[in-house]
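Here is a walk through one protein model, starting with its open space and moving on to its sheets. Have the structure open while you read.

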Amino acid sequence: RAALEALRAEAGEAPRAAVARDGWHRFGNHGWETLAFVPADGWVPMPGHGHQDLGAFELHFGEDRIVVDPGRGSYGPDAADRFYQSSAAHSGLTVDGMDPAPVNRPYFSDAFRRRIVREPPHVEYSEGGVTLTHSGYRRLPGVGTVTRTWRFRPGAVTVSDRVDGRGTRRIARRIVTPHPVWLENGAATVDTGRARFRISMEAPMSSEETLCWTAYGAGATGTALSTQRTASLPFGASITIERL
């Protein structure tokens, strides 16, 4: 770890554009820091760990980790191991319980991948925030692009989602936090030990224990907040995270 820290100090900060070409986006304002991975073609990188995390993110405020990627503690073949690979384990949005891209295979050609995921994801930075648009769910009949926008202001972050298209689909959104949570008056309060944050959505939330993996085979108990409903497209909703 000491050698790694020394190498990082020597290398300095990489230019944001160079890091973004590899799919990594770090952004925020007013003390909020967000990290998201967006693969260039919309597919889970192959070779790689295969995590379906397009649209998911981490959110920190100073030293407080509020929203995290839960990671994966084992790469075995059973269902519990595969769960942490799926979008259902991440802080993103799913349509009809499906991942934002099919399972990738090393023998798929680029032409085949473009037939399934027709347009690459697009990340746009603006003064008001950051917007991610992807077409992974356009493989489903009637479903258009999915847009997620992060907006920052002093004391709060708003994450707005939109699913374009027609017809009726089951939309689920999730937030994973490594901290204890209690639900009250339609909102969730997260206690980091240093500060408290409120997470609210437009629909009733459910919570359940999950594992947040810190290393291979080592994890700690966290909380997964989720809301889902069957809705007509186009669909729009938002998540608000406030510092109390």
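The residues that line the largest pocket divide into 14 nonpolar, 10 polar and seven charged. In that tally Ala, Val, Leu, Ile, Met, Phe, Trp, Tyr, Cys and Pro are nonpolar, Asp, Glu, Lys and Arg are charged, and the others, Gly among them, are polar. Before going further: this is a predicted model, in which local features need pLDDT of at least 70 and side-chain atom pairs count only at pLDDT 80 or more, while totals for chains, interfaces and linings use all residues. Residues are numbered from 1 along each chain as its sequence is written, and side-chain values use heavy atoms, with hydrogens and water left out.

**Pocket and cavities**

The largest pocket has a volume of about 760 Å³. Its lining takes in 31 residues, with Trp24, Leu35, Asp53, Glu58 and Asp69 nearest the centre. Strand 1, strand 2, strand 3 (58–61) and strand 14 (206–215) are the elements that each give two or more residues to that lining, and strand 2 has the largest share, five residues. Strands here are DSSP runs of E with at least two residues, helices are runs of H or I with at least four, and both are numbered from the N terminus.

What about enclosed space? A search of the whole structure turns up four cavities of 30 Å³ or more, and the largest cavity holds about 60 Å³. Both kinds of space come from a 1 Å grid over the protein atoms alone: a cavity is a set of points where a 1.4 Å probe fits but cannot get out, a pocket is an open set with protein on both sides within 12 Å along at least five of seven lines, and lining residues have an atom within 4 Å of a point. Points are joined across faces, edges and corners, and a volume is the space filled by probe spheres set on them.

Around the largest cavity you'll find Leu54, Gly55, Leu93, Leu132, His134, Val146, Thr147, Arg148 and Asp161. By class that is four nonpolar, three polar and two charged residues. Strand 7 (129–134) and strand 8 (143–153) each supply at least two of the lining residues, and strand 8 gives the most, with three.

Which side chain does arginine 148 touch through a polar contact? The partner is the side chain of aspartate 161, at 2.7 Å. A polar contact is a pair of N or O atoms within 3.5 Å; within protein, one must be able to donate a hydrogen and the other to accept it, and residues adjacent in sequence count only if both atoms are side-chain atoms. Arginine 148 sits in strand 8 and counts as buried because its relative accessibility is 4%. The cut-offs are under 20% relative accessible area for buried, over 50% for exposed and in between for partly exposed (1.4 Å probe, protein chains only).

Four strands make an open antiparallel sheet in the order 1-2-3-4. Strand 1 and strand 4 (64–67) are at the edges with a single partner each, so one side of each has no neighbour in the sheet. On average, neighbouring strands of this sheet are turned by 20° against each other, direction ignored. Such angles are between axes fitted to C-alpha atoms (for helices, over the stretch in contact) and run from 0 to 180 degrees between N-to-C directions.

Eight strands form another open sheet, ordered 6-7-8-9-16-13-12-11 with antiparallel pairing. Its edges are strand 6 (122–126) and strand 11 (181–184), each with a single partner strand, so one side of each is left without a neighbour in the sheet. The twist averages 15° from one strand to the next.

| Strand pair | Bridges |
|---|---|
| Strand 1 and strand 2 (residues 32–37) | four bridges |
| Strand 3 and strand 4 | three bridges |
| Strand 11 and strand 12 (residues 187–191) | four bridges |

Histidine 25 stands opposite alanine 36 in strand 2, leucine 59 opposite valine 67 in strand 4, and leucine 183 has alanine 188 in strand 12 as its bridge partner.

How values were computed: Two strands pair if DSSP finds at least two bridges between them.
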